[in-house]
Structure formats: structure tokens, C-alpha cells
Amino acid sequence: MLDYSSLLLAAALSGTCLSITMFAIWFTAPQARFVLTVACGILVLVAHVVLFWHYARHPSPWLCQIVLALLSLGFLTLCLSAMQYLGVRDYRRAILPTVAAMAVCAGATSLGLDGVGFIVTYATVTALLSLIGVMFWIKGGHDRRIFLVVSFLSGVCALSFGLCGTVLLVKGQWVLGVAPDNWAERLNSAVAVACMTGLGALTLSLHHLQAQIELKTETMTDPLTGLMNRRALTAFYGERVFGPFMSVAMFDLDHFKKTNDVFGHPVGDQVLRRFAAVIRKYARTGVDAFRLGGEEFVLVMSRMTEEKAYDIASKISVAFGTEVVATQLGPLRSTVSGGIGFGATDGTSLDNVLAEADAALYAAKRAGRNRVVAQNKASKADAPALRSA
């Protein structure tokens, strides 16, 4: 059976291999910054384990402070890597309390209360690991199974460190003079090796998952405007049944070819981006914006009446008419025509609703442009033009 020293050395060896693997991954994919942070955090923990092993053989107050500081710093770094991956920007929620706890630990240890220092550090690590587990539990969305396993391993590791601090607290070991050695410490060493190995393997899975998400985002995003593209429209709505409270608004910029011919394609690109910015303001839950290509855009609206859908499309047309693009030939105002197709009571397909919206769009063009026509609303087809360019 492995003794305590062997468990520590096994943890150090496992951590070293993991950090080397993480660094190798980061070198091949520098954009995965969270992998680099994981590697740095594991390396700090390896340093902690090696020094803790030395401290257990030759205890000294200054070495105790370094050992405890490295333990807190290592898990703080891993917590920051989790925040990087999950897109949590407020790093202060982890950094400030950890730094404060490290200061308390250093003060207690300098006064000879090294047992208090260990208790404070174990409590800090337990909190950091618990925070990692909670963040993955709450934020998990892309592959819930992987996120739940990360949350579980973090929780188990947090529990093992919590037990270490609890044993010292219950026994009232405020002053140790040596490295703590009890059943909780031995259990923690074994659990830490297993959990860190598992978390390292899961980091590879998370990196692969992130790469897949980024690739999917790139293939479904229009590079010029940042809106979703035709592929995304088909992926999200191609198999959907459009009921009575779903609609599609199709927009086409008026005289866009003339804009490109007179002002140049760079100005045309600015006009496209400007319209994308306008239509994006109305995108929210149940309202998705897409660029089909060229000067054609689509807005898919769910859970709203025909009147509300027509109102949104009209507001977009009016808002775009007020946009001004500065050019060398003077200020440029552009307009847009729109057509709306609606779902059916018994349900219909995306292709049918798009065809209806396209027919309404051509009706708007024939009626003089710079207006929105709802195919199912004949009265609106004869509505006066919106604000002109």
C-alpha cells in the first residue's frame, strides 16, 4: 500500500504530466487561453506538492507559508481558468477573497499559529473548488454531461479539503509545528490525484467542445455583419412548423447596386453593417436576425401577433431611413423595403413562409419601395410609404 510520501509524489508526477499536456495543447491552439491558465495552475500545485513533501520532512515556518500560499494560488488560478472558459468576467469575486484569506493565513502562520493557517487555507481551497463546481453547474449548456462531471469532481475535491480543515478544527490543533498527517490528509491526497487527473482529461474535452462551438459559430455567422447566415436559418428553422404566431420578415435594401456603383463597395459594406446594427436592436428572445446574402436580410419572429410583427418590421424600416453614412460625395441615406409572411393555423414550413414574404417584398418594391407589405394584410399593401431617403 502506498505511504503518505508516495501519494504526494504520485500527485506531483500526475500534475506535471497534466501541465505538460496542457502546455502542448496551448502551443497548437494559442486562442484557447483557458488551457494555458489551467497549465499554469497545475504547475503551481505541483510546486506546492513538492514543497509540502519537503516540509513534511524538514518543517520550518517560512516554508509553511510558501506551501500554503502556493496551494491557494494554484486553485485560484484553476478557478480563473474556469471563469475564462465560461465567460465570467468579474474575476474580483474570486481574487479579492482569496488574497484576503492568504493574508490572514500568512499573519496567523507568522505568529506561530500554523494550524490556523492550514485551516484557513483549506477553507479557501474548499470555497474555490465549490465555486468552480457551482459555475459549471449553472453555466452548463453546450454539453451538459461534461459540465456535470466537472462540477461533480470539483465538489468531491472540495469535500476532501473541507474534511482536512474540519479535522484540524475539531481537534483544536491551532499550533502544529509539522505538516498535518491524519486520515483526512491521506484521503485528500488520493482524492486530489484522482480528481486532478479526471479534470485534466475533461479539460481536453472542454477544449475540443470549445473548438467545435467556435467552428460552428464561424460557419453560421456572416463575416461582414456578424448576423447569422442562411445556413443558420436552415439549421434553426428548417424543420420548424410555423404556426399562427410565427412570421418571417424579408428585407431588401433599395437601389443597393446603385449605391455600390456610385459610392463604391466599401461604402456599400458600411450600409450593410449599418442595417445589420439596426435590425440587431430588435433581435431578442423569439426574434432572430439573418443575412441571406447580398442586400437580403430576414427576421424570424415567434410568439407574437401579425400586428406586432408588422409593427416591428415597420420600425426597422423607419429607423434605417434615419441612418446617415458619411462618404466622399456627401452624406448618404438609404432605404429598405420589406415583406412579411405568416405561419398558418394548421402549420406550414419555412420555405412556404419565405416564399410568402418574398412575394410581399416584391409587392413593396412595385408599390414604390421604402415600405413594408404584409402579404396577408391587403390594407397594408396600400399603406403610404414610410419616411423617404
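This is a predicted model: local features need pLDDT of at least 70, side-chain atom pairs count only at pLDDT 80 or more; totals for chains, interfaces and linings use all residues.

Q: What angle do helix H4 and helix H5 pack at?
A: Helix H4 (residues 92-110) and helix H5 (residues 114-139) pack at about 165 degrees, and their axes are 7 Å apart. Axes here are lines fitted to C-alpha atoms, for helices over the stretch in contact, with angles running from 0 to 180 degrees between N-to-C directions. Helices (H or I, at least four residues) and strands (E, at least two) are DSSP runs, numbered from the N terminus.

Q: Roughly parallel or antiparallel, then?
A: H4 and H5 are therefore roughly antiparallel to each other; that label is for angles over 145 degrees.

Q: Which residues make the contact?
A: On H4, they include Ala94, Thr98 and Ala101, and on H5, Val116, Gly117 and Leu131 are among them. Contact means heavy atoms within 4.5 Å. The contact residues of H4 with H5 divide into nine nonpolar, five polar and one charged. Ala, Val, Leu, Ile, Met, Phe, Trp, Tyr, Cys and Pro count as nonpolar, Asp, Glu, Lys and Arg as charged, and the others, Gly among them, as polar.

Q: OK, how many cavities of 30 Å³ or more?
A: Three. On a 1 Å grid over the protein atoms alone, a cavity is a set of points where a 1.4 Å probe fits but cannot get out; a pocket is an open set with protein on both sides within 12 Å along at least five of seven lines; lining residues have an atom within 4 Å of a point. Grid points are joined across faces, edges and corners, and a volume is the space filled by probe spheres set on the points.

Q: What's around the largest cavity?
A: The largest cavity holds about 340 Å³ and has 24 lining residues, with Ala11, His48, Val49, Phe161 and Ala192 nearest its centre. By class, that lining has 18 nonpolar, five polar and one charged.

Q: And which residues sit closest to the centre of the largest pocket?
A: The largest pocket has about 200 Å³ of space, and Asp254, His255, Lys258, Thr259 and Arg333 are closest to its centre. Helix H9 (256-263) gives the largest share of the lining, four residues.

Note on methods. Residues are numbered from 1 along each chain as its sequence is written. Side-chain values use heavy atoms; hydrogens and water are left out. Angles under 35 degrees count as roughly parallel, over 145 as roughly antiparallel, 65 to 115 as roughly perpendicular and the rest as oblique.
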